[in-house]
Amino acid sequence: MKKIIITQRMDKIGKFNELRDNLDIRIPKMVEKLGMLPFVIPNNIKKTKIYLDKIKPDGIILSSGGDSKKRDQRRKIENYLINYYLKKNKPILGLCRGAQAINLFFGGNILKVENHVRKMHKIEGKLIGKNKYLYVNSFHDYAIKYNSLGKNLESLAHTKDGVVECIGHKKKKILGIMWHPERYKKIKNFDKNIVKKFFKCN
C-alpha cells in the first residue's frame with residue numbers, strides 16, 4: 001500500500017489565538033478511498049528527515065487552505081518536503097493552495113482573481129485531452145496565470161479567462177490542481193484516475 005504524506009495548514013484558534021495544525025479530514029479520507037495510506041505531518045516537527053526516513057513515504061500531498069505566500073513554519077516544512085522529494089524523484093501533488101505553493105517554490109507568482117470562489121468552472125487543456133472540456137469546482141481568490149508560472153512549469157488545464165487550473169513540471173513528478181477533488185460527496189472518476197495514475201496506484 002502506497003504511503004502518502006499530507007501537510008497541514010496553521011491556524012490561530014479561539015480567544016487565546018492558540019496556534020494549531022489544521023487539516024480538512026476529507027483529504028486523508030480521499031487518500032484512503034483511493035487505496036493509499038495517509039500520514040499527516042505536523043508543522044512544528046524538528047526532525048523531519050528522521051520522520052520521513054522512518055515512514056519511507058511514496059509521495060506527498062501539499063494540502064489546500066490558507067495563504068500560500070505566508071512565510072510561516074508550514075511554508076518551511078513544505079519547501080523542505082519539496083526539496084526532499086525532488087532529490088528522490090518521488091511524486092508531489094498540490095491541491096489548490098498546494099499548487100500555488102509549488103508555483104512559488106519554482107519562482108512563480110500568484111495573482112488576485114475574481115469569480116473563482118464557490119463556482120463551477122469549465123476547463124480545457126492537455127490534461128483533459130484535445131477538443132474536450134471538464135467542469136470542476138473552484139474555491140480560490142488567488143490563482144496562477146500564464147505569465148506567473150514558475151521555472152519549468154507548464155499549464156495542463158486552464159479556464160477561458162486565462163487562469164491556470166492545473167500545472168505540471170516538465171521534468172519532475174510534480175502536479176498541482178486548483179480544484180478540490182476531496183470536496184465532492186463522491187470522488188469523480190476523472191479525479192480518481194488522475195490521482196491514482198500520478199501515484200501509480202492503478
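User: What makes His169 count as buried or exposed here?

Analyst: His169 has a relative accessible area of 11%. Buried means under 20%, exposed means over 50%, and partly exposed is in between (1.4 Å probe, protein chains only). So His169 is buried, since its 11% falls under the cut-off. Bear in mind that this is a predicted model: local features need pLDDT of at least 70, side-chain atom pairs count only at pLDDT 80 or more, and totals for chains, interfaces and linings use all residues. Residues are numbered from 1 along each chain as its sequence is written, and side-chain values use heavy atoms, with hydrogens and water left out.

User: Where is His169, and which residues is it in contact with?

Analyst: You'll find His169 in strand E12, residues 163-169. Strands (E, at least two residues) and helices (H or I, at least four) are DSSP runs, numbered from the N terminus. Setting aside neighbours within four places in sequence, His169 is in contact (heavy atoms within 4.5 Å) with Phe106, Lys151, Asn152, Leu153 and Ile174. A polar atom of the His169 side chain also lies 3.0 Å from the backbone nitrogen of Lys171, and the backbone nitrogen of Lys172 lies 3.0 Å from a polar atom of that side chain too.

User: How do you know whether Asn131 is buried or exposed?

Analyst: Its relative accessible area is 76%, so Asn131 is exposed. Asn131 sits in the loop between strand E8 (117-123) and strand E9 (134-139), and has a positive phi of about 60° although it is not a glycine.

User: Why is Asn17 called partly exposed?

Analyst: Asn17 comes in at 46% relative accessibility, so it gets the in-between label. Asn17 belongs to the loop between strand E2 (9-13) and strand E3 (18-22). Its phi is positive, about 50°, although Asn17 is not a glycine.

User: What angle do H2 and H3 pack at, and what is that called?

Analyst: Helix H2 (residues 48-55) and helix H3 (residues 73-88) pack at about 50°, with their axes 11 Å apart. That makes H2 oblique to H3: angles under 35 degrees count as roughly parallel, over 145 as roughly antiparallel, 65 to 115 as roughly perpendicular, and the rest as oblique.

User: Which residues meet there?

Analyst: Thr48, Lys49, Leu52 and Asp53 in H2 meet Ile77, Tyr80, Leu81, Tyr84 and Tyr85 in H3.

Note on methods. Axes are lines fitted to C-alpha atoms, for helices over the stretch in contact, and angles run from 0 to 180 degrees between N-to-C directions. A polar contact is a pair of N or O atoms within 3.5 Å; within protein, one must be able to donate a hydrogen and the other to accept it, and residues adjacent in sequence count only if both atoms are side-chain atoms.
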